[in-house]
Amino acid sequence: LASFTNGVFFQSVSITAGVFGCNNNGVVSSSVRITMFTGSNIDKLASDMSVGRGETLNTLADLMGVSNQDKPAFFQTTRDNFSTIFASGNATAGQVLNAMNSVLAQDAELAAYVVKA
């Protein structure tokens, strides 16, 4: 009963009304997916960014649409700017993404990958 109720009411209303990152075609927006992923994996992402490689960082790059040819630059940039991206030890996903967007925006090659809100 709970599953049915959630499916009928919550999901339908979310999609129809466009709340919780849903739009009318039932797709969660890219920026919401990226924020959700970052929040769920923030510790692993910090670890990967600190060394400039790793599965979680690669997945984030994929979610952001970073091309394979630009991934080495993306990985190196996040590593080089780790202290800016993770400025505080308890940074939220939103803070991390905002800082990362600022860093990427300063690079002519990577500016195309800034996550639009």
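The model is predicted: local features need pLDDT of at least 70, side-chain atom pairs count only at pLDDT 80 or more, and totals for chains, interfaces and linings use all residues. Residues are numbered from 1 along each chain as its sequence is written, and side-chain values use heavy atoms, with hydrogens and water left out.

**Overall architecture**

The protein has 7 helices and 0 strands. Helices (H or I, at least four residues) and strands (E, at least two) are DSSP runs, numbered from the N terminus. Of the 117 residues in the protein, 34% are buried.

**D70 and K71**

D70 lies in the loop between helix 4 (55-64) and helix 5 (71-80). Beyond its neighbours within four places in sequence, D70 is in contact (heavy atoms within 4.5 Å) with E109, L110 and Y113.

K71 belongs to helix 5. K71 counts as buried because its relative accessible area is 7%. The side chains of K71 and D62 are joined by a polar contact of 2.5 Å. Such a contact is a pair of N or O atoms within 3.5 Å; within protein, one must be able to donate a hydrogen and the other to accept it, and residues adjacent in sequence count only if both atoms are side-chain atoms. A61 is 10 residues from K71 in sequence, and their C-alpha atoms are 7.1 Å apart.

**Helices 2 and 3**

T38 is placed in helix 2. T38 counts as buried because its relative accessibility is 0%. In helix 3 (residues 42-51), the buried residues are I42, L45, A46, D48 and M49. Their cover includes helix 2 (30-40), helix 4, helix 5, helix 6 (82-85) and helix 7 (93-105). After helix 3 comes G52, with a positive phi near 75 degrees.

| Residue | Contacts (within 4.5 Å) |
|---|---|
| D70 | E109, L110, Y113 |
| T38 | L45, L60, A93, V96, L97 |
| K71 | N58, A61, D62, V66 |

Technical notes
Buried < 20%, exposed > 50% of the residue type's maximum accessible area, 1.4 Å probe, protein only.
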